[in-house]
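We will go step by step, with something to pick at each stop.

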Amino acid sequence: PRTEDADRKRWGLAMGLMDPAAGLDQPFNDASAVRAAARIDLLQAVLSSQQYLTTSLLAEEINTAMGDRLGNLEALAATLGETMHDVETIQRLLDVRVVFPKLFSGGVFVVNAEGRAVASIPASVSRSGGNYADRDYIIGALKDGRPSVGRPAVGRSIGIPMVAMAVPIRDAQGQVIGALAGGMGLEKDNF
């Protein structure tokens with residue numbers, strides 16, 4: 001049978017206010033308060049350590065995935081400098097990169113030095129002729145001549161939240177003549 005005293009003991013045990021080591025009938029005292037505080041501190045330390053480890057592993061996984069994506073863009077960009085004048089060749093080079101749709105769910109595209117798209121995949125997303133010169137990742141590649149990852153934004157051509165990155169395309173003299181960009185839609189698990 002439930003009694004008020006039994007309920008108080010159950011509640012006290014559940015809340016750590018009763019010390020089972022001292023017996024169920026013993027109320028919370030100074031010694032049990034010290035043990036309870038030590039258990040709470042230990043629990044907080046363990047949880048904090050687990051959260052830090054989990055966060056660190058996720059951050060490492062994201063950094064690796066982003067590095068792989070930038071590496072794939074840089075590898076193709078290194079071959080595009082000599083073909084920037086030939087849009088059909090650029091389009092063919094994009095079309096044969098079967099790994100790009102897996103890495104870049106938001107598509108991949110090439111812009112000229114003015115930031116205007118000249119080729120893109122997938123074919124279902126029409127980017128050709130679109131101006132991307134105002135996008136932070138394109139600015140980083142064209143103006144600063146460095147690989148750049150943009151802030152999350154809604155994709156202009158696909159209309160979904162995404163993170164995009166771009167790498168510069170250089171001519172034989174090392175001048176930036178365009179950029180190769182890829183986007184990852186944030187509506188899916190991309191990493």
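**Stop 1: the whole chain**

Start with a cartoon view, bearing in mind that this is a predicted model. Following the sequence, their order reads α-α-α-α-β-β-α-β-β-β-β. Of the 191 residues, 34% count as buried. If you draw contacts between residues at least 6 apart in sequence, 47% of them join residues at least 24 apart.

**Stop 2: F100 and F104**

Next, hide the surface and look at the rings. A pair of aromatic rings is described by the distance of the centres and the angle of the planes. The count here is 2 aromatic pairs. Select F100 and F104 for one of them: this pair is edge-to-face, with 5.7 Å from centre to centre and 80 degrees between the planes. Are these two residues buried or exposed? Both F100 and F104 are buried.

**Stop 3: F109 and Y132**

Now select F109 and Y132. Their ring centres are 4.6 Å apart and the planes meet at 40 degrees, so this pair is tilted. Colour by secondary structure to see where each partner sits: F109 belongs to strand β1 (residues 107-112), while Y132 is in the loop between β2 (117-121) and α5. The pair therefore ties together parts that are 23 residues apart in sequence. F109 is buried, at a relative accessible area of 3%. Y132 is buried too, and its relative accessible area is 3%.

**Stop 4: the cavity**

Rolling a probe the size of a water molecule over the atoms shows where empty space is left. How many cavities of 30 Å³ or more does a search of the whole structure find? The search finds 1, and the volume of the largest cavity is about 140 Å³. To centre your view there, select Y137, G155, R156, M162 and A164, which lie nearest the centre of the cavity among its 16 lining residues.

Then show the elements around this space. α5 (136-142), β4 (153-154) and β5 (161-170) each give at least two residues to the lining. Which of the elements gives the largest share? That is β5, with 3 residues. Finally, colour the lining by residue type: you will see 9 nonpolar, 2 polar and 5 charged residues.

Terms used. Residues numbered from 1 in each chain as written. Predicted model: local features only at pLDDT ≥ 70, side-chain atom pairs only at ≥ 80, totals over all residues. Heavy atoms only, no water. 1 Å grid on protein atoms, 1.4 Å probe; cavity = no way out; pocket = protein on both sides within 12 Å on 5 of 7 lines; lining within 4 Å. Points joined across faces, edges and corners; volume = space filled by probe spheres on them. Helix = DSSP H or I, 4+ residues; strand = E, 2+ residues; numbered from the N terminus. Nonpolar A, V, L, I, M, F, W, Y, C, P; charged D, E, K, R; others polar. Phe/Tyr/Trp six-rings, centres within 6.5 Å; stacked < 30°, edge-to-face > 60°. Buried < 20%, exposed > 50% of the residue type's maximum accessible area, 1.4 Å probe, protein only. Contact = heavy atoms within 4.5 Å.
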